[in-house]
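Dear colleague,

Please find below the structure that I am passing on to you. My notes on it follow directly after.

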Amino acid sequence: MWEADRASAALGIELVEKGAGSATCRMTVTGAMVNGHGTAHGGYVFLLADTAFACACNSHGPVTVAAGADISFVSPAWEGDALRAVAQERTRYGRSGLYDVTVLRGEGEIVAEFRGRSRTATPSRTAGEAA
């Protein structure tokens, strides 16, 4: 999945650590990611968290997608900030799962908290197949 993720690659997101049910991704906020208030647009912060979530929930093997996600923005990020998203599986049950992702600046200042809900895809459909 990671090798085919063109959206994350285009934004310079790096997968820096992965494990069973966990992942850490990194991204630097560029000038193109800044909103009219001079801070990182929330959509980019969400995208970084969502990428870490995707890597964590797909770490078990079967194709797994987001069923939903919520984010709470805690503090702003600025152009030049190196952000790190740390995803951790909380539970898996049946085809569903819960994952928490913390987006951090520097050595530990929290920028956002994200909760993702995953769903393992049915075996009849794989990535790239038309609906």
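Predicted model: local features only at pLDDT ≥ 70, side-chain atom pairs only at ≥ 80, totals over all residues.

The largest nonpolar core has 25 residues. Val-45, Leu-48, Leu-83, Val-101, Val-103 and Val-111 are those with the most contacts inside it. Helix 2 (42–57) is among the elements that supply at least two residues each, together with strand 2 (22–28), strand 4 (82–93), strand 5 (96–105) and strand 6 (109–120). Helix 2 gives the most, with 8 residues. Beyond its neighbours within four places in sequence, Leu-48 is in contact with residues including Ile-13, Cys-25, Met-27, Leu-83 and Val-103.

As to the cysteines, the count of disulfides is 0. The sulfur of Cys-25 has that of Cys-55 as its nearest cysteine sulfur, 4.4 Å away; a disulfide would require the two to be within 2.5 Å. Cys-25 is buried, with a relative accessible area of 0%, and Cys-55 is also buried, at 9%.

The largest pocket has a volume of about 290 Å³. Its lining comprises 16 residues, and Met-1, Ala-54, Asn-58, Thr-64 and Val-65 are the closest to its centre. Helix 2 contributes the largest share of this lining, 6 residues. By type, the lining divides into 10 nonpolar, 4 polar and 2 charged residues.

The second largest pocket has a volume of about 190 Å³. Among the residues that line it are Met-1, Trp-2, Leu-15, Cys-55 and Asn-58. Here the largest share, 3 residues, comes from strand 1, and the lining divides into 6 nonpolar, 4 polar and 2 charged residues.

With kind regards

Methods
Residues numbered from 1 in each chain as written. Heavy atoms only, no water. Buried < 20%, exposed > 50% of the residue type's maximum accessible area, 1.4 Å probe, protein only. Core = buried A, V, L, I, M, F, W, Y, C linked by side-chain atoms within 4.5 Å. Helix = DSSP H or I, 4+ residues; strand = E, 2+ residues; numbered from the N terminus. Contact = heavy atoms within 4.5 Å. 1 Å grid on protein atoms, 1.4 Å probe; cavity = no way out; pocket = protein on both sides within 12 Å on 5 of 7 lines; lining within 4 Å. Points joined across faces, edges and corners; volume = space filled by probe spheres on them. Nonpolar A, V, L, I, M, F, W, Y, C, P; charged D, E, K, R; others polar.
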